[in-house]
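Dear colleague,

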Amino acid sequence: MKKQDAQSIGEIIDRVLKEQNLDLKLDETRLIKAWNSLLGKQVASYTTKLYIQRGVLYVHLSSSVLRSELSMCRNMLMDRLNKQVGRQIITNIIFR
C-alpha cells in the first residue's frame, strides 16, 4: 500500500459502521445520552424510560406537569437533540 492510499483509522471505522448500518444505532445512543445533558439533572430525575423506535423518541416521565411543559417545547427539543448528534435522527417525540 502506498502512503497516498493510506486511510486513517477513523475513516475505516466510519466506513465499516455505515456498511453494517451501525451508524444509525450509534447516533441514536448519542441522542439518548444527550437528553440528560441538554435537559439537566432535574428533568433526568423524572425521566423513567427513554428509547427510539422508527425515528420517534419515546420519553416516559413520572411527572404529568413536566410532561405537559415538555410537550409545548417538542419541536425545539427535536431540533436541539438532532443538532447535538449532527443529523436528523428523530422526527417526533412522544411523552408518556
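**Overall layout**

The chain contains 4 helices and 3 strands, where helices (H or I, at least four residues) and strands (E, at least two) are DSSP runs numbered from the N terminus. Followed along the sequence, these elements come in the order α-α-β-β-α-α-β.

Please keep in mind that this is a predicted model, in which local features need pLDDT of at least 70 and side-chain atom pairs count only at pLDDT 80 or more, while totals for chains, interfaces and linings use all residues. Residues are numbered from 1 along each chain as its sequence is written, and side-chain values use heavy atoms, with hydrogens and water left out.

**Dimensions, surface and charge**

The chain has a radius of gyration of 17 Å, whereas a compact globule of 96 residues would have one near 12 Å; this radius is taken over C-alpha atoms, and the globule rule is 2.2 Å times the number of residues to the power 0.38. Along the principal axes, the C-alpha atoms fill a box of roughly 60 × 25 × 20 Å.

Of the 96 residues in the chain, 30% are buried, and here buried means under 20% relative accessible area, exposed means over 50%, and partly exposed lies in between (1.4 Å probe, protein chains only). The accessible surface of the chain comes to about 6900 Å², and 50% of it belongs to carbon and sulfur atoms; such areas come from the Shrake-Rupley method with a 1.4 Å probe, and for residues only the protein chains shown count as cover.

Among the contacts in the chain with a separation of 6 or more, 52% are accounted for by residues 24 or more positions apart, where contact means heavy atoms within 4.5 Å. The chain carries 16 positive and 9 negative charges, whose mean positions are 7 Å apart. For this count, Lys and Arg are positive and Asp and Glu negative, while His and the chain ends are not counted; the place of a charge is NZ of Lys, CZ of Arg, CG of Asp or CD of Glu.

**The loop and the aromatic pair**

Arg 54 sits in the loop between β1 (47–53) and β2 (56–61), and Arg 54 has a positive phi of about 55 degrees although it is not a glycine. Arg 54 counts as exposed because its relative accessibility is 80%.

A search of the whole structure finds 1 aromatic pair. Tyr 51 and Tyr 58 form this pair, which is stacked, with 5.1 Å centre to centre and 15 degrees between the planes. Rings of Phe, Tyr and Trp (its six-membered ring) pair if their centres lie within 6.5 Å, and planes under 30 degrees apart count as stacked, over 60 as edge-to-face and the rest as tilted.

Tyr 51 belongs to strand β1 and counts as partly exposed because its relative accessibility is 25%, whereas Tyr 58 is buried, with a relative accessible area of 14%. Not counting residues up to four places away in sequence, Tyr 51 touches Ile 32, Val 56, Leu 57, Tyr 58, His 60 and Arg 96.

Val 59 lies in strand β2 and is buried, with a relative accessible area of 0%. Leaving aside neighbours within four places in sequence, the residues in contact with Val 59 include Trp 35, Leu 50, Ile 93 and Phe 95. Val 59 and Ile 93 are 34 residues apart in sequence, and their C-alpha atoms are 7.3 Å apart in space.

Leu 81 is placed in helix α4 (residues 74–85) and counts as buried at 2% relative accessibility. Beyond four places in sequence, Leu 81 touches several residues, among them Leu 31, Trp 35, Leu 57 and Ile 93.
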